[in-house]
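Me: I'd like to learn how to read a protein model, one feature at a time. Could you walk me through it?

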Amino acid sequence: MPERLVEMLLDLWTPFMILWITLPPCVHTAPANQSPVLMSGSPLELNRLSEEQRILNRSKRGWVWNQMFVLEEFSGPEPILVGRLHTDLDPGSKKIKYILSGDGAGTIFQINDITGDIHAIKRLDREEKAEYTLTAQAVDWETNKPLEPPSEFIIKVQDINDNAPEFLNGPYHATVPEMSILGTSVTNVTATDADDPVYGNSAKLVYSILEGQPYFSIEPETAIIKTALPNMDREAKEEYLVVIQAKDMGGHSGGLSGTTTLTVTLTDVNDNPPKFAQSLYHFSVPEDVVLGTAIGRVKANDQDIGENAQSSYDIIDGDGTALFEITSDAQAQDGIIRLRKPLDFETKKSYTLKVEAANVHTDPRFSSRGPFKDTATVKIVVEDADEPPVFSSPTYLLEVHENAALNSVIGQVTARDPDITSSPIRFSIDRHTDLERQFNINADDGKITLATPLDRELSVWHNITIIATEIRNHSQISRVPVAIKVLDVNDNAPEFASEYEAFLCENGKPGQVIQTVSAMDKDDPQNGHYFLYSLLPEMVNNPNFTIKKNEDNSLSILAKHNGFNRQKQEVYLLPIVISDSGSPPLSSTSTLTIRVCGCSSDGVVQSCNAEAYVLPIGLSTGALIAILACIILLLVIVVLFVTLRRHKNEPLIIKDDEDVRENIIRYDDEGGGEEDTEAFDIATLQNPDGINGFLPRKDIKPDLQFMPRQGLAPVPNGVDVDEFINVRLHEADNDPTAPPYDSIQIYGYEGRGSVAGSLSSLESTTSDSDQNFDYLSDWGPRFKRLGELYSVGESDKET
């Protein structure tokens, strides 16, 4: 017998042996060819027992009889016997019938209604349904009346090892840092088995590794995967494939198994230092390169990835540390050498730098592997270039007095060619910065001279740009700003700061300040302004006014007496001499106008005109202004009215009432068609007003004299209307006196040789063909009248 079958039979009979030991004597083993029989101490029994046994059985009701077992996946040739039902009311006379109902009754389970045997007629699967609840009852065979209450019992499906373990979440992926120590946990996996975990070892799983050794190991019970080798290097191998097996039956032979895969990726750690690809780099750069330009790149390779491979670059030594700098490119992971200060081939032709690359992120666990940095040497050769001139100073500041003589030298700028060839320099002024051409420069020596007079009071500063150009190479140009400050000289006399007008009250007091005035000077002396005030020599003994200088460089005018009367003298003129403190001093005379006014008792000016006394008492100034405004408004209205009356709109062209453009001429005669020129005078197409002359224009004067056209006399036959119209059109296009507005000319000529022919019925008068119109009468009542008209016409023609 195969080993697998023996294990299945052992699993099948084990619960029956346990049942025989633990149950009361009412459960017996069946013969070898029978299934166990389930009996109850109530009327359901297998055999009639003695009275004592029945008393004993009824007194012990603690055992459980209502369970049966059947093996899953049984597929024999005949239905499998699950159990037998029997009642002690059955005398064996076959008058009792057993009835089965509940889960699967009749479809899965079938009962012999005479013997009570229950058979499973279908293959069962515990993973689909583990137990069935049924109800059994004994009834009378003839009457179907219940002989006892129904009894409920359960049929449990016994498990066999028919399901292999499965990894529901596989395949798996896990990561572990490189260089990890032995036994570092990587991950854990889980397999499931659909078999019964309680009954037997069908669901007891044991894990093992089929592939992936000796790098990884797994715990048989917990399925935790760990590293089996220390210091695994990602740079040597980054990814590992591990095949994991789960086997049931505790891993014994005959158990079912399932597998899955686990992909383990080693993550990077910073365990490798950067390393330059070469120890010496060579670069060349022109001396005129722009500051900040990249001269070259150096790169230190790092076997690590990500941030562990990031390196910073520095210049740690060399003779060009002040002229060059190096920056790190995070994307390319290299160092960019840039120019920091200008180069000069004539001064130094080469430089040597020592560059260092160091990891940005270091791991102290691997510090014993050495410094995580590397160095390289960079040699930079400076190439000669044709450089523009260089001024001796980046800016120039010159000063000149505003009274400097023309063509006098203000200052000088100098420049040189820094190249070895040392080309001569020519100087010039950028005239965009000297639009008024106030300065000139000597093209050879750079001396700046004055071209026009200066005035500090108009402009204190002049900013010009000087251009230096190499004579041998005119493309080499340099510019420098020159600021010219105009220094002040005392060339402006002081004067009143504004136009002053003083008011003196008639009731003023002697010594009263009438006005305080101040002076101004356009010049700007270094020590500030100081003015001297005085009256003219002939006004020193002025009987009416006197002056007094104040500490703030101003002047006060005072009245000497009271009793001023504006009726006697309304205005006083007081000349004042103002002198400055310049060298030489300059002076000017300004006249102060003093008006005598009528004031109130508290000194408020009320009126300063003598005419104020003769104004009517009852008429105020506002009323006079209103009356004057009304008069002006009336005058404006009258002028506008007269202007509108005189304005007339005259026509632009003198014309009669018979102008063909504004009149309709009717012709009642019907011609003989397009070719008939006898019945219609072609001359009527001409402008009736233009036959005898032309219309004079009133708005323009023609440049050419228009010659009047003679009217065409009627021509009997052979007149070409097309040619006539073209001639008139040409004359109208070349007529300088033609109206400036558009006009419409209508011509009825259709041309010669029309393929379609004319649609006009007028041609019928010249046609020799006979046409019968009797068919119009056949068209119905609507065309009857038309047929009569044409019939009459035919009759008349025949007559």
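Me: Which residues have the most contacts inside the largest nonpolar core?

Reply: A nonpolar core is a set of buried Ala, Val, Leu, Ile, Met, Phe, Trp, Tyr and Cys residues joined through side-chain atoms within 4.5 Å. Buried means under 20% relative accessible area, exposed over 50%, and partly exposed in between (1.4 Å probe, protein chains only). In this predicted model, the largest such core has 24 residues, and F276, V298, F324 and V378 have the most contacts inside it. At least two core residues come from each of strand 17 (280–286), strand 18 (294–301), strand 20 (324–329), strand 21 (334–339), strand 22 (350–359) and strand 23 (373–383).

Me: What does V298 touch?

Reply: Contact means heavy atoms within 4.5 Å. Apart from neighbours within four places in sequence, the partners of V298 include F276, Y281, F283, Y313, I326, I337, V355 and V378. D334 and G335 are also among the contacts of V298.

Me: Before we go on, what should I know about the model and its numbering?

Reply: Residues are numbered from 1 along each chain as its sequence is written, and side-chain values use heavy atoms, with hydrogens and water left out. As the model is predicted, local features need pLDDT of at least 70 and side-chain atom pairs count only at pLDDT 80 or more, while totals for chains, interfaces and linings use all residues.

Me: How many helices and strands are there?

Reply: Helices (H or I, at least four residues) and strands (E, at least two) are DSSP runs, numbered from the N terminus. The protein has 5 helices and 41 strands. Of its 799 residues, 33% are buried.

Me: How do I read one of the sheets?

Reply: Start with pairing: two strands pair if DSSP finds at least two bridges between them. Here 4 strands form an open sheet with mixed pairing, in the order 9-15-14-11. Strand 14 (residues 239–247) and strand 15 (residues 257–267) run antiparallel and are joined by 9 bridges. One detail to find on screen is I244, whose bridge partner in strand 15 is T260.

Me: Is T260 buried or exposed?

Reply: T260 counts as buried because its relative accessibility is 8%. Setting aside neighbours within four places in sequence, T260 contacts F167, G170, P171, Y172, V242, V243 and I244.

Me: Which faces does strand 25 have?

Reply: In a regular strand the side chains alternate between the two faces of the sheet. Strand 25 (residues 396–401) has Y396, L398 and V400 on its covered face, with L397, E399 and H401 on the uncovered one. Strand 25 runs parallel to strand 32 (residues 477–487), with 6 bridges joining them. E399 has K485 in strand 32 as its bridge partner.
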